[in-house]
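Welcome! Please take a moment to look over the sequence and the 3D structure before you read on. The notes below walk through them topic by topic.

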Amino acid sequence: MSSETTGASYAAAGVDIEAGDRAVELMKEWVKKTKRPEVLGGLGGFAGLFDASALKRYERPLLASATDGVGTKVDLARKMGVYDTIGHDLVGMVVDDLVVCGAEPLFMTDYICVGKVHPERVAAIVKGIAEGCVLAGCALVGGETAEHPGLLGPDDFDVAGAGTGVVEYDQLLGADRIREGDAVIAMASSGLHSNGYSLVRHVVFDRAGMSLGQHVEEFGRTLGEELLEPTKIYSLDCLALTRTAEVHGFSHITGGGLANNLARVIPDHLHATVDRSTWTPGAVFDLVGKAGNVERLELEKTLNMGVGMMAIVPEASVDVALQTLADRGVDAWVAGEILARGDHRDGAELTGDYAK
């Protein structure tokens, strides 16, 4: 019988509903690990439910919302066949945007788009997202897995997520709290995190001709293992900091680099300076710069250069802030200060040279 006379079906068009159902069953155990007391019901409903009566303890609760993806880092996960770490990146990108204003992440939803549903692969992605939610203290209340045959190859996928948090109105962090004389505390990144991978991939593969399985002595592991290092999630560390020290602001260092992201939280009349000599960027940043002959300014506009989050605190809070972070295993140091804007045209700048 010719294809013209055979009845069309969803399966014939490339969508496997049974595989999707299998993926949902496999991911349920991981989603369950993220459940908070306020979450009602389980996975499988049309909407995730969160008991908003929990917000009654707030005088004036503000809901914060953020959404993000992980960019072209997903291509490296696909090529390496490693799917259970990319979810950490997704959660980090979302919840650490929320915590910048002082918000506690409450829950997340995810969106996974695939060319073909491989149930175990989808479940591995969700496992990583769930593990990231546990690290962030938030619940994974639902999501969507979409199969797009014909638009994506059978092994292609992408992930995105959205999160909601809450902060008390009078505890909202932002530019209006920052004062001249405040200190800028840097928190070390775990590596590249999830930004700048279009540049990184172009440099290491197209220009340097390196391979994912290539052992790199400076990393003590393969190039692929270094590039897939999950994004560090800072939300619980930042929230702990707000409980032990006076904090005026945070800045999540993502796309656009350190100076540009820091400038986003600096008021117009002030200026932040960050001294490069207070830290040494990890070996991966040096490799990208040298392999691609990338100018320092271009690197700093694209990559985090070893700093994933910054806290702005009054000078009197520096010691307790550093101790709190050290107690939580966060590598942190005073990297700069807040000055009057004066003749400076930008909200933040990097000065000096990186420590060797």
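Two strands count as paired if DSSP finds at least two bridges between them. With that in mind, you can see that Ile 112 stands opposite Val 159 in strand E6. Keep in mind as you explore that this is a predicted model.

- As a reminder, strands of a sheet pair through backbone hydrogen bonds, either parallel or antiparallel.
- Strand E4 (residues 104–114) pairs with E6 in the antiparallel sense, over ten bridges.
- E3 and E6 also run antiparallel, joined by nine bridges, and in this pair Ala 64 stands opposite Gly 165 in E6.
- E4 and strand E5 (residues 139–147) pair in the parallel sense over eight bridges, and Tyr 111 stands opposite Glu 144 in E5.
- To get from E4 to E5, the chain passes through helix H4 (residues 119–136), making a right-handed β-α-β crossover.

- E10 and strand E12 (residues 307–313) are antiparallel partners over four bridges, with Gly 249 standing opposite Ile 312 in E12.

**Helix H2 and its surroundings**

- Which residues of helix H2 (residues 73–80) are buried? They are Lys 73, Val 74, Asp 75, Leu 76 and Ala 77.
- The buried residues of H2 pack against helix H3 (86–98), strand E6 (157–168), helix H5 (197–207) and helix H6 (223–227).
- Gly 81 follows H2 and has a positive phi, near 70°.

**Two non-glycine residues with positive phi**

- His 193 has a positive phi of about 60° although it is not a glycine, and you will find His 193 in the loop between E7 and H5.
- Is His 193 buried or exposed? The cut-off for buried is under 20% relative accessible area, so His 193, at 1%, counts as buried.
- Met 305 is not a glycine either, yet its phi is positive, about 55°.
- Met 305 sits in the loop between helix H10 (296–302) and E12, and with a relative accessible area of 6% Met 305 is buried.

**A closer look at Phe 50**

- Phe 50 lies in strand E2 (residues 49–50) and is buried, with a relative accessible area of 17%.
- Phe 50 and Leu 40 are ten residues apart in sequence, and their C-alpha atoms are 6.0 Å apart in space.
- Leaving aside neighbours within four places in sequence, Phe 50 is in contact with Arg 36, Glu 38, Val 39, Leu 106 and Phe 107.

**The nonpolar cores**

- In soluble globular proteins, nonpolar side chains tend to be buried together.
- Here the largest nonpolar core has 95 residues, and those with the most contacts inside it are Met 187, Leu 227, Phe 250, Leu 262 and Met 310.
- Helix H4 gives the most to this core, with seven residues.
- Not counting residues up to four places away in sequence, Leu 262 touches Val 184, Ser 251, Ala 272, Val 274, Met 310, Ile 312 and Ala 348.
- A second, separate core has eight residues, among them Val 39, Leu 55, Val 141 and Val 166.

Note on methods: Residues numbered from 1 in each chain as written. Predicted model: local features only at pLDDT ≥ 70, side-chain atom pairs only at ≥ 80, totals over all residues. Heavy atoms only, no water. Buried < 20%, exposed > 50% of the residue type's maximum accessible area, 1.4 Å probe, protein only. Contact = heavy atoms within 4.5 Å. Right-handed = clockwise from strand over helix to strand, strands pointing away. Core = buried A, V, L, I, M, F, W, Y, C linked by side-chain atoms within 4.5 Å.
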